[in-house]
Amino acid sequence: MWARIEAAAHAEPGGVVATDADGTLWSGDVGEDLFDAFLERGRVEPAATEALRRHARDHEVSDAGSGPDVARRLYAAYHEGRFPEEQMCELMVWCFAGWSEGEVAAFARETVDRGNLGSRLHGELHAVLDRVRGAGIETLLVSASPVAIVVDAGGRVGFDERHVVAACPRYDRGFMLADVERPIPYGPGKVARMRERIGEGRPLLAAFGDNAFDLALLASARVPVAVRPKPRLRERAHEVSGLVELSRDSC
């Protein structure tokens, strides 16, 4: 795998390497960590409650009760396959509607502190990324999780904010709206948002992912790599030419 990345970098200088975050760089999902913390300790402002109730009605979920009640029902509907995954990713971003940007960042930082991220890292991938960086190749973190928590978590494993592509909310005069910048980096949106950051001409030397919604990103890379792949990715692995698997014992 490393020989292939080196060969691609030699053949096409100036390329980049991109990796998914949740399930790929670390176990678990920091977006879900943030949402769970929000439901447990956060406040649901009226703008978020109104949007949550609207989504509930649109998907035949009860909109009765408080904002957190509705959010929990939508979360359950998502796990039951009755609420779309991409919309759930968006909801986890804009659920903080009414909060200031600083409040969201502080809450995300506290969530990462509580989440023991260091014990969840996938050492086999971090070893590869260390080698990539050592070769002077630019690396990007591309995730459908909320930008506030991906920036904080990514910053702890070598990705500065300029090299993080994540799901971004919309703000008005410093306060979050119940809306996001679309497309979020989910499915084909991962490639679209990454390209906005790096430009159309630069080659994607390698990409790392763990799930089916990483397929578009993986298929765009010269060296596509599955890291501890979920069953949904294994089932569709044939869709990505040259896909290889990075196992826990690879490095």
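Predicted model: local features only at pLDDT ≥ 70, side-chain atom pairs only at ≥ 80, totals over all residues.
**Close-up of the salt bridge between Arg120 and Asp33.** The closest N and O atoms of Arg120 and Asp33 are 3.0 Å apart. Arg120 lies in the loop between helix H6 (101–114) and H7, whereas Asp33 lies in helix H2 (residues 30–41), so the pair ties together parts that are 87 residues apart in sequence. Arg120 is buried, with a relative accessible area of 14%, while Asp33, at 24% relative accessibility, counts as partly exposed.

**Close-up of the salt bridge between Glu245 and Arg234.** The side chains of these two residues meet at 3.0 Å, N to O, and the pair links Glu245 in strand E8 with Arg234 in helix H11 (residues 231–235), 11 residues apart. Both residues count as partly exposed, Glu245 at 43% relative accessibility and Arg234 at 48%.

Six strands are arranged in the order E3-E2-E1-E6-E7-E8 with parallel pairing, and strand E3 (164–167) and strand E8 (244–246) form the edges, each pairing on one side only. The twist from one strand to the next averages 20°. Strand E1 (residues 16–19) is joined to strand E6 (residues 204–209) by 4 bridges, and Ala18 has Ala207 in E6 as its bridge partner. Helix H9 (residues 188–198) lies across E1, strand E2 (138–146), E3 and E6, and runs at about 135° to E2.

Note on methods:
Residues numbered from 1 in each chain as written. Heavy atoms only, no water. Pairing = 2+ DSSP bridges. Helix = DSSP H or I, 4+ residues; strand = E, 2+ residues; numbered from the N terminus. Axes fitted to C-alpha atoms, helices over the stretch in contact; angles between N-to-C directions. Contact = heavy atoms within 4.5 Å. Salt bridge = Lys/Arg side-chain N within 4 Å of Asp/Glu carboxyl O. Buried < 20%, exposed > 50% of the residue type's maximum accessible area, 1.4 Å probe, protein only.
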